[in-house]
Amino acid sequence: MDKDLKLQDWEFSQRKYLPYEIKLRLSATRIRQWYEYYGGDVYISFSGGLDSTVLVHMVERVLDRSIPKVFVDTGLEFPQIREFVRSFYDVEILYPEMNFKDVLLTYGYPLISKEVAAKIRKLRHGNLSERYRNYLLHGDERGKLGKLSECWKFLIDAPFDISEYCCIVMKEKPLTEYGKRTGRVPYIGITQDEGFMRQRQYNRTGCNVYLADKPKSQPLGFWPRQDILRYAVENNLRICPVYGKICGEKGAYYNTGEQRTGCMYCAMGCHLEEQPNRYQRLRENYPKVYRFVMEPMSAGGLGFDYVLNYCNFIH
């Protein structure tokens, strides 16, 4: 069984190297299979970002019909993203029950990555067995892949909480409730360039995840960034202006604006960015928002200046 799973992982991981035309056909097949399996009770999780804009176009072109599109307005998106989403006449907009400040106060700051934040939260607040705690801190006979990296261990004693719950509370929960209310299951615009954990997850599941607590279709899960940009160019897609313009040619496309448009001031992954990083760009382009994000909570802000300084992150 383990051998079969490893072979499956390898097969899924190799799909990103397929010729572009074959990727188009494979994604189209997965889109149709998902729609038919659930008898049309599907929706598109639409963030307004480049990946999900490509997803909307491809799903509706393959199925030759309009599909319900759902956007979660967390209040953390770029203004241009929110405006772009509202330019689609058939998008249902959901809202989280908690605002971002309450999430920070209740659960902690989103730092480093979901995986690292979860380990820190567990080490600080989890009711862990001694063996599991030792595994998170030092690794064990299974190896060191699951242990907390040495460079982040100082955060265990940070004077503020850290957790991965922000995305769960503000994005995943509203979509889960939408699925329960409507009986619909999602197409999601996850791609190969969205982090190691998502790549590894795709390599274990493939495009269509049927047997899970939360079924999902990720028909672009094996597409790298170049394929997304190429599709947008070749199909003359209207994309959110925050991305700027797509320039270049096959194999060497690039866009001139923001590269990623998740939550504007989420700190996950900020330490990996070249300068000017997301906070430096925020300071330059949205100075009022920057001040709000950086000011202490006692002054009505979100307290990121203290958190980022503690981590020695440039902002």
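Student: Where in the protein is confidence lowest, and where is it highest?

Tutor: Where pLDDT is low, the predicted coordinates should not be read in detail. Here the lowest confidence falls in helix α1 (residues 2-13), with a mean of 46, and the highest in strand β1 (residues 42-45), at 98. Residues 1-10 have a pLDDT below 50, and this stretch has five contacts in the model beyond near neighbours in sequence. Across the protein the average pLDDT is 89, and 90% of the residues score at least 70.

Student: Thanks! How many helices and strands are there in the protein?

Tutor: You will find 13 helices and ten strands. The protein has 315 residues, and 48% of them are buried. Among contacts with a separation of 6 or more, 67% are between residues 24 or more positions apart.

Student: Which residues of the largest nonpolar core touch the most other members?

Tutor: The general idea comes first: in soluble globular proteins, nonpolar side chains tend to be buried together. In this model the largest nonpolar core has 83 residues, and those touching the most other members are F100, L111, Y187, W223, Y265, Y279 and F304. Helix α3 supplies the largest share of this core, eight residues. Apart from it there is another core of six residues, including Y43, V70, V72 and Y178.

Student: Could we take F100 as a case: which residues does F100 touch?

Tutor: Leaving aside residues up to four places away in sequence, F100 touches L76, P110, C166, M170, Y265, L302 and F304.

Student: Does each count as buried or exposed, D64 and I112?

Tutor: D64 counts as exposed because its relative accessibility is 68%, with the exposed class starting over 50%. I112 counts as buried because its relative accessibility is 5%, and buried means under 20%.

Student: Where is there a cis peptide bond?

Tutor: Look at Q275 and P276, which are joined by a cis peptide bond with omega about 0 degrees. P276 is in the loop between β10 (267-268) and α11 (278-285).

Student: Finally, which residues lie nearest the centre of the second largest pocket?

Tutor: Rolling a probe the size of a water molecule over the atoms shows where empty space is left. The second largest pocket holds about 220 Å³ of space. Its lining has 13 residues, with T53, V56, H57, E60 and F88 nearest the centre. By type, the lining divides into five nonpolar, four polar and four charged residues. Helix α3 contributes the largest share of this lining, four residues.

Conventions: Residues are numbered from 1 along each chain as its sequence is written. This is a predicted model: local features need pLDDT of at least 70, side-chain atom pairs count only at pLDDT 80 or more; totals for chains, interfaces and linings use all residues. Side-chain values use heavy atoms; hydrogens and water are left out. Helices (H or I, at least four residues) and strands (E, at least two) are DSSP runs, numbered from the N terminus. Buried means under 20% relative accessible area, exposed over 50%, partly exposed in between (1.4 Å probe, protein chains only). A nonpolar core is a set of buried Ala, Val, Leu, Ile, Met, Phe, Trp, Tyr and Cys residues joined through side-chain atoms within 4.5 Å. Contact means heavy atoms within 4.5 Å. On a 1 Å grid over the protein atoms alone, a cavity is a set of points where a 1.4 Å probe fits but cannot get out, and a pocket is an open set with protein on both sides within 12 Å along at least five of seven lines; lining residues have an atom within 4 Å of a point. Grid points are joined across faces, edges and corners, and a volume is the space filled by probe spheres set on the points. Ala, Val, Leu, Ile, Met, Phe, Trp, Tyr, Cys and Pro count as nonpolar, Asp, Glu, Lys and Arg as charged, and the others, Gly among them, as polar. pLDDT is the predictor's confidence in each residue, from 0 to 100.
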